[in-house]
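Notebook open, structure loaded. I'm jotting down what I look up as I go.

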Amino acid sequence: MESLIIILIATIPAIALMIYIYLQDNHEKEPIGLLLGIFGLGILSCIPSAFLEWVATYVMDSLFGGVNFYVYWFIYAFLGVAIIEEFFKFLAARLLTWRNKNFNYKFDGIVYCLFGSMGFAATENLFYLFSEKMMTGSQSAAVHLGIQRGLLAIPLHAMCAIFMGYYYGNAKYAKSYGNRSGCRTNLLLGLLIASLLHGFYDFCLFTGDQNLYYVFLVFVVVADIFTIVRIILARKHNQAMYVQPKYRGYWIGPAANPYQPFGGQQAPTYGAYNYGNTGGTANTYGQPSQPSPYAPPTQSAYAPPTQPSYAPPTQSVPPQYVPQDSSLQFTQTPEGQQPSVQQSGVDMYGRPAPMMNAPSNFRNQMVRCPNCGASNRFNAFYCSGCGSSLHTL
């Protein structure tokens with residue numbers, strides 16, 4: 001029962017902070033399995049940290065054992081404790097999240113670093129509380145130490161993790177847009193700021209100086225306020241990472257530059273050829289550094305076909321039927337009389353064509369054959385005298 005109470009006192013502050021930060025994530029809550037994996041790596045990070053701190057203690061005693069008291073604890077707090085612990089806590093988060101597809105928002109960096117840090121802090125807290133109980137033999141002393149560390153040490157690890165995670169998310173955001181320099185700068189800033197906060201906290205406690213103790217109290221209050229402000233601002237300015245399209249390997253020109261975000265100054269040309277296979281040399285971005293015999297086809301802007309304005313079709317009057325042997329022109333004559341024939345030019349065979357007045361009643365009119373001069377009815381096709389055609393179609 002006593003051990004259970006110590007475990008609860010050591011772990012409840014860490015669990016409460018993890019729940020709080022998890023609920024602050026306003027975009028796509030992180031998978032619980034991933035967060036538990038980071039928490040587990042944070043627990044395991046205590047092993048190499050403890051070993052290196054033991055080595056750092058031996059080195060410090062050998063090299064700086066005779067220096068000034070404050071100088072010794074200053075160097076030990078920053079180089080022998082803070083950097084070692086913050087590095088392994090950061091490593092616990094980075095190993096599982098840097099290339100994870102769920103790391104798609106800047107605020108996710110704070111969540112990951114905090115869970116790794118809380119795994120380390122809870123394990124360290126358990127170690128101190130059980131060590132206090134074994135040395136004093138009193139459970140009340142262990143509970144008193146647990147409350148003290150729950151108000152100071154656990155929030156310190158959370159504060160360092162939040163600042164580290166903020167810059168960790170910025171680093172991944174810069175890397176997603178190809179800004180490698182910005183990525184490295186943010187990673188170093190996150191580790192450096194977390195180490196400075198942790199180192200100054202430990203330096204004030206290691207010396208045991210009364211004046212530094214008051215400075216320590218002011219530092220804790222101010223740092224906690226800045227940490228809360230940092231959480232609010234990080235949540236407000238949470239941004240999604242840039243996701244590279246699957247077709248980037250086929251792009252050419254400045255758009256293929258991985259350091260340039262999508263939708264830059266020049267739009268991509270799809271379906272182009274890879275310059276690396278053309279015989280010329282290619283630089284890091286896939287662009288030819290030397291003239292290449294291959295020139296990608298230029299794509300002209302799309303212009304829709306122009307449609308002519310509607311014009312109704314003109315309806316022409318079909319020509320009336322006129323026989324080919326139209327040299328016979330008739331004039332209307334009284335019924336029972338022979339039509340008058342007048343020569344007008346030549347017919348289609350070069351012969352003189354008679355000129356007639358067109359009758360009004362064709363059935364009762366007579367037609368004279370141009371060959372033999374025999375009279376025939378108008379509707380007759382062949383001459384009754386010589387058999388020649390009267391109407392050649």
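First thing I wanted to know: is Phe90 buried or exposed? Phe90 comes out at 11% relative accessibility, so I log Phe90 as buried. My cut-offs are under 20% relative accessible area for buried, over 50% for exposed and partly exposed in between, with a 1.4 Å probe and protein chains only.

**Ground rules.** I'm working on a predicted model, where local features need pLDDT of at least 70 and side-chain atom pairs count only at pLDDT 80 or more, while totals for chains, interfaces and linings use all residues. Residues are numbered from 1 along each chain as its sequence is written, and side-chain values use heavy atoms, with hydrogens and water left out.

**Overall layout.** I find nine helices and four strands in the chain. Reading from the N terminus, the order is α-α-α-α-α-α-α-α-α-β-β-β-β. The chain has 393 residues, and 38% of them count as buried.

**Aromatics.** How many aromatic pairs does the structure hold? I get 23. A pair is described by the distance of the ring centres and the angle of the planes. Rings of Phe, Tyr and Trp (its six-membered ring) pair if their centres lie within 6.5 Å; planes under 30 degrees apart are stacked, over 60 edge-to-face, and the rest tilted.

I looked at Trp73 and Tyr76 first. Their ring centres are 5.8 Å apart and the planes sit at 80 degrees, so I call the pair edge-to-face. Both residues belong to helix α4, three residues apart, about one turn of the helix. An α-helix has 3.6 residues a turn, so residues three or four places apart point the same way. Trp73 is partly exposed because its relative accessibility is 22%, whereas Tyr76, at 12%, counts as buried.

Back to Phe90, which pairs with Tyr168: centres 5.6 Å apart, planes at 90 degrees, therefore edge-to-face. This pair ties together distant parts of the chain, with Phe90 in α4 and Tyr168 in α7, 78 residues apart. Tyr168 has a relative accessible area of 1%, so Tyr168 goes down as buried.

I also noted one aromatic cluster formed by Phe69, Tyr70, Tyr72, Trp73, Tyr76 and Phe206.

**Charges over rings.** What lies over the face of Tyr22? Lys29 does, at 5.6 Å from the ring centre. Lys172 has its charged end over the ring of Trp98, 5.7 Å from the centre. The test I use is NZ of Lys or CZ of Arg within 6 Å of the ring centre and within 35 degrees of the ring normal.

**The largest pocket.** I get about 800 Å³ of space in the largest pocket. Of its 29 lining residues, the closest to the centre are Glu124, Tyr128, Arg149, Asp202 and Phe206. On a 1 Å grid over the protein atoms alone, a pocket is an open set of points where a 1.4 Å probe fits, with protein on both sides within 12 Å along at least five of seven lines; lining residues have an atom within 4 Å of a point. Grid points are joined across faces, edges and corners, and the volume is the space filled by probe spheres set on them.

Which helix gives the largest share of the lining? That is α5, with eight residues. Helices supplying at least two lining residues each include α3 (46-64), α4 (69-97) and α8 (180-207). By type I count 17 nonpolar, six polar and six charged. Here Ala, Val, Leu, Ile, Met, Phe, Trp, Tyr, Cys and Pro are nonpolar, Asp, Glu, Lys and Arg charged, and the others, Gly among them, polar.

**Backbone checks.** Glu28 sits in the loop between α1 (2-24) and α2 (32-44). Its phi is near 50 degrees, a positive value in a residue other than glycine. Glu28 is partly exposed because its relative accessibility is 49%.

The 28 residues of α8 should span 40 Å at 1.5 Å a residue, and the end C-alpha atoms are 40 Å apart, which agrees. The expected span is 1.5 Å times one less than the number of residues. Gly208 follows α8, with a positive phi near 75 degrees.

**Contacts across the chain.** Tyr76 and Met60 are 16 residues apart in sequence, with 7.0 Å between their C-alpha atoms.
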